[in-house]
Amino acid sequence: MTEFMDQETREHLAWDYAWNLFQPLSELGRIWQSQVRPFRPSEKEKWQEDCRCITNLQTALQDVEWAERLQKTVAAFRTIEPIFQQVDAGVVLQTGDLFKWKQWMWNGKLLDELVHIRFPWWPDVEWDTVIRILNSEADMTPKFSLDDSYDPVLQELRGRKRRLQNEIDRIRKEQQDELKSRYGRMPNREREYIWSRDDREMIERSQADQDLMLQGETSWDVIFRVQDRAETISLLDEFQRAAEQEADREKELLAKLTRLLAVHIDTFRKCEAAWGRLDWLLTRILTADRLGWKAPVWTEDRWEAVNACHPVLSAALKQKGSQITPISFRLQRGISVLTGPNMGGKTVALRTAGLLQALAQYGMPVPAETFYFQPVDRIRFVGGDPQSMENGLSTFGGEIVRLSTILKAEGTVFLLLDEVGRATNPLEGEALAVGLTRYLQRSDWIVLFATHYAGVAEVAAQEGLLRWRVAGLADRRIVSADTARIELESLRIAELLGLRTEILSYSRQWLDTNHKHPGRKGDFDEQAEPGTGKNCSSATIRSGDCR
């Protein structure tokens, strides 16, 4: 159990939803994001360094014009790692790849000039020096081509080719002019004369002409092609030799340029990493501003969330025209207990706590007004194993197997327990929950146990553990639980959800006769949720608006 969050925990916390709210501007930013790992308890200095980098960049971004230029520059970056890999494999780069490489370096120079913040991980590169490897002229440009100025030998070969081509063109022009005087017109673009089969005179003259060669015949035409004279053929042979020499020289130069650039590949890879990291800093700042999220605070002895909410629930309620009720609570080393009615918000509180912890350890802003956290080695959620059926286990069996595995873990765990023991008979389920509470109360883990069991609440009260409860069905705030009493809400919820009155009547009679409970309240009165103006009636319960 070495991974920070396993797949089941990620699903319970809706981690992928929260993670995807952060969208880097560039390909390099997305690459960096894919490699981001959580900060472990021993990495406080690294976490603080990351926070300082964010703070410094936030300050610089107050210059709106500069911020816009930075975002535009960062968004334009693309990785050239495939080109680096070609060089590592010994491939000689062609002009197209060198062109991309030069543009990449040019953009690096522009970014370096723009970013006046010198982060600890920012590479120091003499951009003018490396750009000049692909810049043959005095004036620096972002373009690249293997022009004549790169090499005197290449320049001479290309000059010879041009002279030979000019001479070839001159001789061919003279030849074509002579042909025009003989036949009254120039050959076509393919250097051909096409005569009708009926034009016997032109066909015979062409057959006798040493400058023409029979190319082919059709049912209607006879085609003759202009053939080069001996002088032209000799020049063409010389031109071909010059072209081959030019190609060989270009290969030599391309190999030389590739070798010169290869020396800097390690530095260039660091540049790509730094630019991706800068994008990730920028992404976290921009996303926090857009969502109104805040920076968490790393502590050694405090875990407290103030006005926190889960983004999935916030988004769902916003679509329905409602607002989420923020929650505030503290946790401690050992175990804290959360009680409350079904559909009251206990599971949401667990998921919110876990998501806050995960985001904070990834160095990301959190959906809370304030959040103090203690780092852990792992986060785990236990609330029924969705894989238990596949494994041939009951829900209870899957839950216990998962819990047993987690309890064997080394290091510290942020453990979220959602109604553990509910999938078996109530008596043994409560006994198991009580035993688990007593076992975990002395651990150095941070555990939040959401439960209905009165026995757990009683143990928490006896041992002085942190106890919280959901304020009520119509009030999803998390408040301090000043007694061990478990309030009975299930029958009221069943009534609101439309269960037959006769069934509820039998249920209440049995409850009154067999289980007198000091925490039981009377019949449910419709109450408006604070701040929303909505009544928690059966309709709002079914729609999920009563939050």
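1. In this predicted model, residue N307 is partly exposed, because its relative accessible area is 33%, a value between the 20% limit for buried and the 50% limit for exposed. N307 belongs to strand β5, which covers residues 303-308. The backbone at N307 deserves attention: its phi is positive, about 50°, although N307 is not a glycine. Most residues other than glycine have a negative phi.

2. A second residue with this backbone feature is A14. A14 is not a glycine, yet its phi is positive, at about 55°. Where does A14 lie? A14 is found in the loop between α1 (7-13) and α2 (15-19).

3. The secondary structure comprises 20 helices and 13 strands. Of the 547 residues in the chain, 48% are buried. Among contacts with a separation of 6 or more, 71% are accounted for by residues 24 or more positions apart.

4. The packing of two helices can now be considered. Two packed helices are described by the angle between their axes and the distance between the axes. For helix α3 (residues 27-35) and helix α12 (residues 265-291), the axes come within 7 Å and cross at roughly 85°. Helix α3 is therefore roughly perpendicular to α12, because the angle falls in the range from 65 to 115 degrees. On the side of α3, the contact is made by L28, G29, W32 and Q33; on the side of α12, it is made by E272, A273, W275, G276, R277, D279 and W280. By residue class, the contact of α3 with α12 divides into five nonpolar, three polar and three charged residues.

5. R277 is located in helix α12. Is R277 buried or exposed? R277 counts as buried, because its relative accessibility is 19% and the limit for buried is under 20%. When neighbours within four places in sequence are left aside, R277 is in contact with W32, E49 and W121.

6. Aromatic rings form another theme of the model. The count of aromatic pairs comes to 31. In one of these, W47 and F373 are arranged edge-to-face, with 5.6 Å from centre to centre and 65° between the planes. W47 lies in helix α4 (residues 44-60) and F373 in strand β8 (residues 370-373), so the pair ties together parts that are 326 residues apart in sequence. W47 is buried, at 5% relative accessibility, and F373 is buried as well, with a relative accessible area of 0%.

7. Y183 and Y193 provide a further aromatic pair. What is the arrangement of Y183 and Y193? The pair is tilted, with 45° between the planes and 5.2 Å from centre to centre. Y183 is in helix α9 (residues 152-183) and Y193 in strand β1 (residues 192-196), 10 residues apart. Y183 has a relative accessible area of 8% and is buried; Y193 counts as buried too, at 0% relative accessibility.

8. One aromatic cluster is formed by F4, W15, W19, F22, W280, W293 and Y362. Elsewhere, R302 lies over the face of Y372, at 3.6 Å from the ring centre.

9. Helix α9 also holds L157. L157 is buried, with a relative accessible area of 5%. How far apart in space are L157 and E246? They are 6.0 Å apart, C-alpha to C-alpha, and 89 residues apart in sequence. Apart from neighbours within four places in sequence, the contacts of L157 are with A242, Q245, E246 and R249.

10. T95 counts as partly exposed, because its relative accessibility is 37%. T95 and F144 are 49 residues apart in sequence, and their C-alpha atoms are 7.6 Å apart in space. Setting aside neighbours within four places in sequence, T95 is in contact with F144, L146 and L254.

Terms used
Residues numbered from 1 in each chain as written. Predicted model: local features only at pLDDT ≥ 70, side-chain atom pairs only at ≥ 80, totals over all residues. Heavy atoms only, no water. Axes fitted to C-alpha atoms, helices over the stretch in contact; angles between N-to-C directions. Helix = DSSP H or I, 4+ residues; strand = E, 2+ residues; numbered from the N terminus. Parallel < 35°, antiparallel > 145°, perpendicular 65-115°, else oblique. Contact = heavy atoms within 4.5 Å. Nonpolar A, V, L, I, M, F, W, Y, C, P; charged D, E, K, R; others polar. Phe/Tyr/Trp six-rings, centres within 6.5 Å; stacked < 30°, edge-to-face > 60°. Buried < 20%, exposed > 50% of the residue type's maximum accessible area, 1.4 Å probe, protein only. Lys NZ or Arg CZ within 6 Å of the ring centre and 35° of its normal.
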